[in-house]
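This report walks through one protein model, element by element, for a reader who has the chain at hand. Please keep the structure open while reading.

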Amino acid sequence: MVASLRRVGALLLFAVPVVASAGEPAAMTEAVDAQVIDRISSATLLERAFPDVEDDIGATRAYAIQAAVVSGVYGITVAGYKAGLTSAATQRQFGVGQPVVGVLPQPNRLAPGVSVQNMMGLKIELEVGFLVGLDGAPGAMLAVIELPRLAYADMSHVTLPDVIATNVAAYRYITGPTHLTDPNIRDLRVTLERDGVVLSQGQGSDAMGDPYRAYTWMTQQIAALGYELEPGMLMITGALGTVVDAKPGRYTAHYGALGDIQFTIADVH
């Protein structure tokens, strides 16, 4: 099940209106945001480095920019949502104290066995995903490889507004087969290998202590932002283990009872 991205973006923009800073005309604020939206949209479409976003715009304006960027760039369908900055270590890296949520466009969804071309800022994350059930609770679970594109010109200057406004660096993601939900998924052990060499190991509890906890937080945040949550949507709950730099090679991610996902990162020609 997917939802109209234009409709979702419009709802979010209505839910989180742009607010000018003290002494700053609203028209000026909107003009600045329009420029940022255009620059981030261009960087997304052309797969170039993201521009810097002013640190003082706040999360509310950053989410409004995110909605406009996603709607303008993809404009078709929403497959679901992603959680970011879900571990204490990652939050310390970016100097924040909260997780964030981004949108997963349907066209960016890939199947196991795919080959993805390497590029600037491409990362690999092992995640647990859920499909939203009819009652809003998790209806099924699956292994997911997220391939975010952290293409920021200067990582030392990346702050919370940058992460949010650029749609939490969402790029491609690979989904495995669905399984019945497991109440003990926090104990899941995962491993990522490249050409037979182990690169990262993690467990379900790396995502906010429990992927179910991350799922609950996501549903609350999605509702607060005005995004739509529909049965069948995909929710990915945060990185398990170390986030790995993408390098050319053949990868296998082991997810225990959730199975394996294999994929290739191809060299740039």
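## Basis of the model

The model is predicted, so local features are given only at pLDDT of at least 70 and side-chain atom pairs only at pLDDT 80 or more, while totals for chains, interfaces and linings use all residues. Residues are numbered from 1 along each chain as its sequence is written, and side-chain values use heavy atoms, with hydrogens and water left out.

## Overall composition

The protein holds 6 helices and 14 strands, where helices (H or I, at least four residues) and strands (E, at least two) are DSSP runs numbered from the N terminus. Of its 269 residues, 54% are buried, buried meaning under 20% relative accessible area, exposed over 50% and partly exposed in between, with a 1.4 Å probe and protein chains only.

The accessible surface comes to about 11600 Å², and 53% of this belongs to carbon and sulfur atoms; such areas come from the Shrake-Rupley method with a 1.4 Å probe, and for residues only the protein chains shown count as cover. Among contacts (heavy atoms within 4.5 Å) between residues at least 6 apart in sequence, 75% join residues at least 24 apart.

## Strand β2 and its partners

Strand β2 covers residues 77–84, and because 8 of its 8 residues are buried, the strand is largely enclosed by the rest of the structure. Two strands count as paired if DSSP finds at least two bridges between them. With strand β3 (residues 100–105), β2 runs antiparallel through 6 bridges, and Gly84 has Val100 as its bridge partner there. With strand β11 (residues 234–236), β2 runs parallel through 3 bridges.

## A mixed sheet

A further group of 5 strands forms an open sheet of mixed pairing, in the order β5-β14-β13-β9-β10. Its edge strands, β5 (115–117) and β10 (197–203), each pair on one side only. Neighbouring strands of this sheet are turned by 20° against each other on average, direction ignored; the axes are lines fitted to C-alpha atoms, for helices over the stretch in contact, with angles running from 0 to 180 degrees between N-to-C directions. Strand β9 (residues 189–194) is joined to β10 by 6 bridges in an antiparallel arrangement, and within it Thr191 has Gln201 in β10 as its bridge partner.

## Aromatic pairs

The structure holds 5 aromatic pairs, in which rings of Phe, Tyr and Trp (its six-membered ring) have centres within 6.5 Å, with planes under 30 degrees apart counted as stacked, over 60 as edge-to-face and the rest as tilted. The pair of Tyr81 and Tyr227 is tilted, because the ring centres are 5.4 Å apart and the planes stand at 40°. This pair links distant parts of the chain, since Tyr81 belongs to strand β2 and Tyr227 to the loop between α6 (211–225) and β11, 146 residues apart. Both Tyr81 and Tyr227 are buried.

Phe130 and Tyr215 form an edge-to-face pair, at 5.5 Å centre to centre and 80° between the planes. Phe130 lies in strand β6 (residues 123–132) and Tyr215 in helix α6, 85 residues apart, and both residues are buried. Together with Tyr212, Phe130 and Tyr215 form one aromatic cluster.

## Thr44 and Arg149

Thr44, in helix α2 (residues 26–46), counts as buried because its relative accessibility is 18%. Leaving aside neighbours within four places in sequence, Thr44 is in contact with Phe50, Val69, Val73, Tyr74 and Arg149. Arg149 in turn lies over the face of Phe50, at 4.7 Å from the ring centre, by the criterion that NZ of Lys or CZ of Arg is within 6 Å of the ring centre and within 35 degrees of the ring normal.
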